[in-house]
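Open the model in a viewer and keep the selection tool at hand. The stops below go from a loop to a strand, then to the cores and a helix.

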Amino acid sequence: MNKTRASGRTVGGLRTLSLQAPAVTLLLVWMLVPLGMTLWFSLQRYNLLMPGMTGFAGLENYEYLFTDPALWSAMGTTLLLVGWVLVITVVGGTLLAVLFQQDFAGRGIARVLAISPFFVMPTVSALVWKNMMMHPSNGVLSWVAETFGLPAVDWFSSLPLTSIIIIVAWQWLPFALLILLTAMQSLDDDQVEAARMDGAGPVAIFFFITLPHLKRAISVVIMIEMIFLLTIFAEIFVTTSGGPGLATTNLAYLIYIQALLNFDVGMASAGGVVAIILANIVAIFLVRMVARNLED
Amino acid sequence: MKLTRSLPMATLAAAIASASQAQAQTEITVATVNNNDMVIMQSLTDQFEQANPDIKLDWVVLEENVLRQRLTTDIATEGGQFDVMTIGTYEVPIWAERGWLAAFDNLPEGYDEEDLLKSVRNGLSHDCTLHALPFYGESSMLYYRTDLFDEHGIDMPEQPSWEEVRDWAAEIHDPDNETFGICLRGKPGWGENMAFVSTLVNTFGGRWFDEDWNPELDSPEWQEAISFYVDLLGNYGPPGASSNGFNENQALFSSGKCAMWVDATSAAGRIFNPDESSVADQLGFSQAPVAETPKGSHWLWSWALAIPASSEKQEAARTFVEWATSKEYIELVGETEGWTSVPPGTRTSTYEDERYIEAAPFADFVLEAMQGADPTDSTLKPSPYIGVQFVGIPEFQAIGTQVGQTIASALTGDASVEQALQSAQQATERTMKRAGYLD
């Protein structure tokens, strides 16, 4: 790390620390102040609509939060949502990456088209899916169902969580595809050629050469997606508002309900703290997994 | 060199000039809902500014739920972003009690306070003083298509019962031809499905709370009312009913897809307008249906303009609010936009105006419904709260939203009515305990 500058003074040890200090301090303040305030609010009795009822509440907010059946259902929904979207995007993304790696006419255009859903704003794609695809009377899907003589499905009331998973997966599949396709391009053609000469079929090549090669890229996809999927909000807000019942209320939406529909800042902060803890637990496992993969 | 130096000077001079101009003019920020009547109010900005050259209007027009969030957070944290707020009969008494709203005492002579409908005036008062002025008021009533009713030989009484409504819905319901028996609100929210569901529960003899604030959501009356609602809307409603709110239903009804629709009286002007509705010439109406009791069978709501106590431009804000709720404003809208577009349900004089009565055949119904709704006595058994389709306590927003969701899950069949009401009861008990009403 110790380099000699033109001036002859060394940069390293204590000196680097003092140079880094402003940036690190700023970052810490940036992170610690909101976190500290959230922790503080979560211990307060603080409802915007009841100015009289204030003061230290101790763990009351947490007590109400943890005895709320909505919390557990929201955690389950969050995990289901993240899990299914990950499965769909990773499996689908890998298959599509292999497909788009092949040479065929119009490959460039096809690739752009396949990647484009990722660039649509979440609110917009939710609206498109709600009003043009899944609408029980005007939607494309109900038209398709009817041409095959099947009854139209009222997606958001009969299959609410599935609908959300479909929308979110549609948005994130291109992301997985993009990363995995880039990884595919670094795959050594000679290796594949050699395997083929040795008599390996396409399936064997996929499982023994392509997939191991993609392992790192897949773990990166999983990590990045996980971070964003834990906070999915716009799609739920636009389509089902967390319902019917609690069917599509995830943690982010539960916090929103507490903070902006119930105006209960204390409870919402407690929910926020729980969400932070949950995200950190997930992150620890993920970072370890990715780090192990990257070391290989 | 000269140029670079003179340029900032010129901008500075321009800035000073515009600043001094702004000083002479007070700019007030008006927050309102994107409902039709408010959009008309916004379009008449020029008229107001010409009459009051020292006041400039800055509009923030939002969708109802978003507006409510913005206003509540703003007023509770004393943000001071708005000088005029559009709020309803639910918020006014609660906010006034907290001292958040400026009182409208000493209204000018020409304003004619006595002309305002009494039920609306009571709804917007705290300690017998108005704390907001009504922009428009509404109750609920039943709309139906006369052509379909004639075809099936059904005679509509002045006030039908819910049972009759169900039988007619079953008879007319024809989903293959995109004609549905009845359209009702299903979209969750205290101002969406719960507004309607509360009136249904009222007329079935139920109530939200007993005299000691114990929730009664698992009572037999609620069971009966919600089962009826789920059966009626689930079997004879349009597909996707659980995501239809007021606007969606209005679109369905005006495109001729619903045989009946029970909703706000304020929709009448629009669905009676041939430019916006294909059923304008076969539109019939009657009072909202009843079951056990007529009490609380139709709601009472008013959108009103209020001034936050924290506003620094109260004088100018008052001038605007008095203008927008005056007789002259109603006259102005009648002349420029047509008499069916007049903001309804606020003044007796509107219902005495020949031009309005002629243009709007539903006027009597609306007036009768508005006068018949009594927020202080809306349930069969006595209740401790004020409000017909809501409970006038701050916690109700949270409760209503939550219960609205569970009712929606009963409607989609995710949960049985019994399960839904049980979990609604538990959630409400929790909220009431937390707020200190129950031990």
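At 46% relative accessibility, as what does B:Gly79 count: buried or partly exposed? Select B:Gly79: with that value it counts as partly exposed, where buried means under 20% relative accessible area, exposed over 50% and partly exposed in between (1.4 Å probe, protein chains only). This is a predicted model, in which local features need pLDDT of at least 70 and side-chain atom pairs count only at pLDDT 80 or more, while totals for chains, interfaces and linings use all residues. Residues are numbered from 1 along each chain as its sequence is written, chains are lettered from A and ligands numbered from 1 in the order in which they are written, and side-chain values use heavy atoms, with hydrogens and water left out.

B:Gly79 sits in the loop between helix H4 (64–76) and E3 of chain B; helices (H or I, at least four residues) and strands (E, at least two) are DSSP runs, numbered from the N terminus.

Next, select strand E3 (residues 84–88) of chain B. Five of its five residues are buried, so the strand is largely enclosed by the rest of the structure. In a regular strand, side chains alternate between the two faces of the sheet. On one side of E3(B) are B:Val84, B:Thr86 and B:Gly88, and on the other B:Met85 and B:Ile87, all buried.

Now show the partners of E3(B); strands pair if DSSP finds at least two bridges between them. Strand E1 (residues 26–33) of chain B runs parallel to E3(B), joined by two bridges, and B:Ala31 stands opposite B:Met85. Strand E10 (residues 300–306) of chain B runs antiparallel to E3(B), with four bridges, and B:Gly88 faces B:Trp303 there.

Which residues touch the most other members of the largest nonpolar core? They are B:Trp95, B:Trp162, B:Trp208, B:Tyr229 and B:Phe320, in a core of 146 residues. A nonpolar core is a set of buried Ala, Val, Leu, Ile, Met, Phe, Trp, Tyr and Cys residues joined through side-chain atoms within 4.5 Å. Helix H10 (residues 220–236) of chain B gives this core its largest share, nine residues. A second, separate core of 37 residues includes A:Ile164 and A:Tyr256.

Finish at A:Ala183 in helix H8 (residues 160–185) of chain A. A:Ala183 counts as buried because its relative accessibility is 15%. Leaving aside neighbours within four places in sequence, A:Ala183 is in contact (heavy atoms within 4.5 Å) with A:His213, A:Leu214 and A:Ala217.
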